[in-house]
Amino acid sequence: MTKRGPRGPVPIYQTIINALKDDIAAGRLKPGQALPTEAELGETHGASRLTVRRALSTLREEGVIYTLRPEGSFVGPEDAPRIREPWPFEKVAAAVAGGIKRGGYETDEVLPSESEMMQEYGVAKKTVRAAVALLREQGWVYTVPAIGTFVAARDKWPNTT
């Protein structure tokens with residue numbers, strides 16, 4: 001499939017390549033930043049997944065982007081720090097950690113239940129559990145099985161300076 005350009009027909013995969021290169025050149029996409037998903041690119045450009053993959057493959061071959069299988073494609077070079085939107089569980093964990101830092105919870109105070117957090121943040125139980133696991137890993141909270149999750153002592157919190 002092609003689109004009409006000023007010099008004649010332009011294959012859609014080439015319009016995707018040109019659009020991404022233009023976004024990179026204009027600074028709308030920065031080194032290390034995640035590209036839109038294949039599905040988003042396909043919807044934006046009216047292209048099939050196969051056409052999008054062809055465009056991304058060409059950009060990879062040119063060294064403009066790189067792909068990490070579970071995470072997606074990023075603007076090159078590969079050694080640039082990755083910039084991506086936080087996952088929903090990371091957003092929930094950041095919101096809870098922010099509440100703890102601001103004094104919304106006292107040391108050893110129980111956090112809201114999974115169902116309360118699901119309702120407050122509009123996320124699934126799996127997302128809440130991942131957020132709590134991240135908070136535990138970072139040292140913000142500790143969990144007592146069958147009792148609940150509690151705010152850790154301040155000396156256990158990560159360095160937030």
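Which residue lies over the face of Phe74, and at what distance from the ring centre? I looked this up first, and found that Arg82 lies there, 5.7 Å from the centre of the ring. I note that the model is a predicted one.

**Entry: aromatic pairs**

I then turned to the rings themselves. A pair of aromatic rings is described by the distance of the centres and the angle of the planes. I recorded a count of 3 aromatic pairs. One of them joins Tyr66 and Phe74, with 5.7 Å from centre to centre and 20° between the planes, and this pair is stacked. Both Tyr66 and Phe74 are buried. I also looked up Tyr142 and Phe150: their ring centres are 5.6 Å apart and their planes stand at 25°, so this pair is stacked. Tyr142 has 32% relative accessibility and therefore counts as partly exposed.

**Entry: helix 1**

I next examined helix 1, which covers residues 12-25 and has 14 residues. From its first C-alpha to its last, helix 1 reaches 20 Å, close to the 20 Å expected at 1.5 Å a residue. I listed its buried residues as Ile12, Tyr13, Thr15, Ile16, Ile17 and Leu20. After helix 1 comes Gly27, and I noted that the phi of Gly27 is positive, near 85°.

Terms used:
Residues are numbered from 1 along each chain as its sequence is written. This is a predicted model: local features need pLDDT of at least 70, side-chain atom pairs count only at pLDDT 80 or more; totals for chains, interfaces and linings use all residues. Side-chain values use heavy atoms; hydrogens and water are left out. Rings of Phe, Tyr and Trp (its six-membered ring) pair if their centres lie within 6.5 Å; planes under 30 degrees apart count as stacked, over 60 as edge-to-face and the rest as tilted. Buried means under 20% relative accessible area, exposed over 50%, partly exposed in between (1.4 Å probe, protein chains only). A charge sits over a ring if NZ of Lys or CZ of Arg is within 6 Å of the ring centre and within 35 degrees of the ring normal. Helices (H or I, at least four residues) and strands (E, at least two) are DSSP runs, numbered from the N terminus. The expected span of a helix is 1.5 Å times one less than its number of residues.
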